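Me: I would like a close look at one residue and then at the parts of the fold around the rest of the chain. Please keep it plain and give the cut-offs as you go.

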Amino acid sequence: MQTRMYVMIIAAMIFAAGTACADSDLEIHTYANPLMPIVGSDLTYTLLARNIGPDEAIGVTVTDVLPLDTSLVSVSTTQGITIDAGDLVWDIGNLGLAWVSINFIMTPLTAGQFTNTATISSTSFDPVLTNNAATISVTAVDEDQAADLDVILLDYPETVSEGSKATYTILLTNNGPATALNLEFTFTASPLTLGSFQSAESTSGFCYTLINTCVGFGCLYILSEPLEVYCSIDSLPAGETATITVNLGASLSAGEILGVTSSISSGTTADPDTSNNIDTHTTLVTEYQIDPSDDDSGSSCFIATAGWGKGTCSR
C-alpha cells in the first residue's frame with residue numbers, strides 16, 4: 001500500500017512538472033491602412049497573432065480596444081468574434097506554433113488621432129509578456145485637408161535596342177483639394193542595376209540615387225544594386241504638376257523585358273484615393289542594329305560600355 005502511494009505521488013509530481021514546463025510564448029501585432037484616413041472613409045485594421053512556442057497554447061484570446069468616435073463596419077470572420085462594451089474579443093481557442101490573422105474595417109467619425117490597442121492571452125504559461133500587446137495610431141483628417149496624388153508614365157519607349165538610351169517622362173499631379181507636403185517619388189527599373197543609371201531631374205524638388213551617398217571604392221559596389229531613383233518634393237499645390245525625366249542605359253540582352261514602376265506618396269498629407277499612386281510599364285529590349293552605311297573597316301574603334309551596354313563606336 002505504501003509503495004503504491006509513493007508511485008501515485010511521484011506520478012502526480014511528474015504530471016505537475018510537465019504542466020508547469022508547458023510554455024507558450026504568444027505575440028500580437030496590429031497594423032492600420034491607411035495611416036491617414038479621411039473622415040467617413042474605410043480604415044482597415046489587421047491583427048496578427050502568433051504562438052512562438054515551444055508548446056501549444058490553450059484557450060487563446062485576443063482583445064482589441066476599439067477607438068472612440070469610430071464605427072465598426074465589418075470583420076473578416078464571425079467565428080469566435082464578440083463585441084463586449086466596445087471591445088472586439090477574438091476567441092481563437094487552442095493555437096499551435098502558427099500565425100493567425102483577422103481584418104476589421106472601421107470608419108472614423110471625426111478628425112483627430114485614433115489609437116488602437118490589442119492584447120493576447122491564454123490559460124497556458126507565457127514566459128515573455130512584453131510582446132502580448134500592440135498599439136498603433138492613425139490620424140483622421142477632413143476631406144478638404146487631403147490631396148489626391150496621381151502619377152502617370154507619360155512618355156516611354158515600347159522597345160529599346162541593346163545599348164541604347166531609354167528615356168522615361170513621368171507626371172506627378174496633385175488633384176487637390178489641399179496642398180500636398182513632403183512628397184516622395186520612387187522609380188524602379190527591373191532587372192537593371194544602378195550601373196545603368198544615367199540621369200534624373202524634376203521640375204520640382206530634387207532627385208537622387210544611392211550613388212549620391214557613396215564614397216570612394218564603395219561606389220563600385222553601389223553600381224550592382226537594383227536601379228532605384230528617388231525624388232523629394234517639399235510641396236505641390238493643388239492643381240499643379242511636377243515633371244520627372246529619367247534616362248537609363250539598356251544593359252540587357254535582346255528579348256529581355258525591362259519593367260518600370262513609378263509611385264508617389266506623401267508623408268504628411270492624407271490621400272483619399274491611392275489607386276492612382278502607381279503606374280507601370282514594360283519595355284522590350286531588341287537586338288543591336290548596325291547601320292550598313294556605317295563602314296568602320298580600317299578604323300580605330302572602341303566600345304564604351306560605362307556599365308550600361310554596348311555604348312557607341314568612335315573613330
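What is the relative accessibility of D279, and how does the residue count on that basis?

Reply: The model is predicted, so local features need pLDDT of at least 70 and side-chain atom pairs count only at pLDDT 80 or more, while totals for chains, interfaces and linings use all residues. Residues are numbered from 1 along each chain as its sequence is written, and side-chain values use heavy atoms, with hydrogens and water left out.

D279 counts as partly exposed because its relative accessibility is 22%; buried means under 20% relative accessible area, exposed over 50%, and partly exposed in between (1.4 Å probe, protein chains only). The residue belongs to strand 19, residues 278-286; strands are DSSP runs of E, at least two residues, numbered from the N terminus. Beyond four places in sequence, D279 has contacts (heavy atoms within 4.5 Å) with V151, I152, L153, V260, T261 and S262. Towards L153, the side chain of D279 comes to 2.8 Å from the backbone nitrogen. S263 is 16 residues away along the chain, and its C-alpha atom is 6.5 Å from that of D279.

A166 has L248 of strand 17 opposite.

The model also has two disulfides, each a pair of cysteine sulfur atoms within 2.5 Å. One joins C207 to C231, S to S 2.1 Å, and is right-handed with 100° about the S-S bond. This pair links distant parts of the chain, 24 residues apart: C207 sits in strand 15 (residues 206-208) and C231 in strand 16 (residues 226-236). C207 and C231 are both buried.

The other disulfide is between C214 and C219, with S to S 2.0 Å. The torsion about the S-S bond of C214 and C219 is about 100°, so this disulfide is right-handed. C214 counts as buried because its relative accessibility is 15%, whereas C219, at 24%, counts as partly exposed.

Conventions. Helices (H or I, at least four residues) and strands (E, at least two) are DSSP runs, numbered from the N terminus. A polar contact is a pair of N or O atoms within 3.5 Å; within protein, one must be able to donate a hydrogen and the other to accept it, and residues adjacent in sequence count only if both atoms are side-chain atoms. Two strands pair if DSSP finds at least two bridges between them.
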